[in-house]
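User: I am new to reading protein structures and would like to go through one slowly. Could we look at it together, one question at a time?

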Amino acid sequence: MAAEPLLDTDAAPTTSEKAAEKLEVRDYFNSTGFERWNRIYSDSDDVNKVQRNIRIGHQKTVDQVLAWLQEEGDLAGRSFCDAGCGVGSLSLPLAGLGAGSISASDLSDAMVQEAGRRAAAAGIDPARLTFHTSDLESLTGRYDTVICLDVFIHYPQAAAEEMVRHLAGLAERRLIVSFAPYTPLLALLKGIGQLFPGPSKTTRAYTLREDGIVAAAAAAGFQPLRRSLNQAPFYFSRLIAFERA
Ligand code: SAH
């Protein structure tokens with residue numbers, strides 16, 4: 001079974017292409033993608049070697065974000081937006097650390113339902129961690145910190161940069177994003193390509209140019225403060241914490 005090609009494109013998509021792409025991503029994460037990622041983002045033994053490695057790499061990203069936030073302190077005094085929250089891999093531990101309020105949302109209703117189920121099972125106060133089904137482009141409001149992890153991989157450069165600008169507009173102080181960085185090392189690209197192995201029921205995976213992401217944040221008034229690169233076999237993710245300049 002051939003892996004989907006890993007795309008790297010700067011071509012600006014049309015509005016209808018963007019809408020179609022987002023619908024595809026939503027349908028995927030409400031069906032086979034939900035089934036797949038719900039297992040990867042869990043401690044289920046029902047994962048193959050690739051999926052287990054993706055789980056390990058993703059956990060490094062989540063742990064790095066939690067470590068940065070804890071270093072800053074005052075979690076109780078801050079509001080958070082977790083855009084594209086998935087099954088709550090970040091929001092649940094963040095709530096556990098005592099974050100003041102967390103608004104978690106995702107394009108996929110299946111992911112949001114599962115995140116809510118996990119939060120209830122963990123006994124998390126529903127007043128402090130709320131879930132909504134929404135694409136991140138429709139999010140409004142102001143949050144101390146806006147976080148968007150491993151979502152941009154589903155979108156080409158121009159769309160991802162637009163998302164960065166929109167999310168920056170919701171952030172008072174801090175914006176934290178992660179994405180698969182463009183790299184000319186084909187071996188790595190091949191590895192990332194296997195994030196979405198299989199036929200047409202999968203989504204495409206895009207690598208993004210970091211300078212473009214940084215420029216989009218800068219246009220919205222944000223400067224990079226911290227960076228880390230989190231990896232495991234089949235997982236490769238650049239994490240950047242921006243602060244309002
Ligand atoms: N951030 C989570 C989930 C990553 S998986 C984590 O790190 O654990 C990617 C998620 O992005 C999926 O749940 C998918 O439904 C969501 N997503 C994709 N496009 C989105 C969009 N335009 N708006 C909001 N969520 C989106």
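User: Leaving aside neighbours within four places in sequence, which residues is Leu-175 in contact with?

Analyst: This is a predicted model, in which local features need pLDDT of at least 70 and side-chain atom pairs count only at pLDDT 80 or more, while totals for chains, interfaces and linings use all residues. Residues are numbered from 1 along each chain as its sequence is written, and side-chain values use heavy atoms, with hydrogens and water left out. Contact means heavy atoms within 4.5 Å, and once neighbours within four places in sequence are set aside, the partners of Leu-175 are Val-146, Val-164, Leu-167, Ala-168, Phe-222, Ile-240, Ala-241 and Phe-242.

User: Which strands stand at the edges of the open sheet of seven strands?

Analyst: Two strands pair if DSSP finds at least two bridges between them, and the order in this open sheet, with mixed pairing, is β4-β3-β2-β5-β6-β9-β8. Two strands have a single partner each, so one side of each is left without a neighbour in the sheet, and these are β4 (129-133) and β8 (222-232).

User: Is β2 largely enclosed by the rest of the structure or left open, and why?

Analyst: Strand β2 (residues 79-83) pairs with β3 (residues 101-106) in the parallel sense over five bridges, and Phe-80 stands opposite Ile-102 in β3. Because four of the five residues of β2 are buried, this strand is largely enclosed.

User: How far is a backbone N or O atom of Gly-84 from a nitrogen atom of the ligand?

Analyst: The ligand is surrounded by 23 residues, and Gly-84 is listed with the closest, beside His-58, Asp-106, Leu-149 and Tyr-155. For comparison, a polar side-chain atom of His-58 lies 2.8 Å from an oxygen atom of the ligand. For Gly-84, the distance from a backbone N or O atom to a nitrogen atom of the ligand is 2.6 Å.

Conventions. Near = heavy atom within 4 Å. Polar contact = N/O pair within 3.5 Å; in protein donor to acceptor, adjacent residues only side chain to side chain. Buried < 20%, exposed > 50% of the residue type's maximum accessible area, 1.4 Å probe, protein only.
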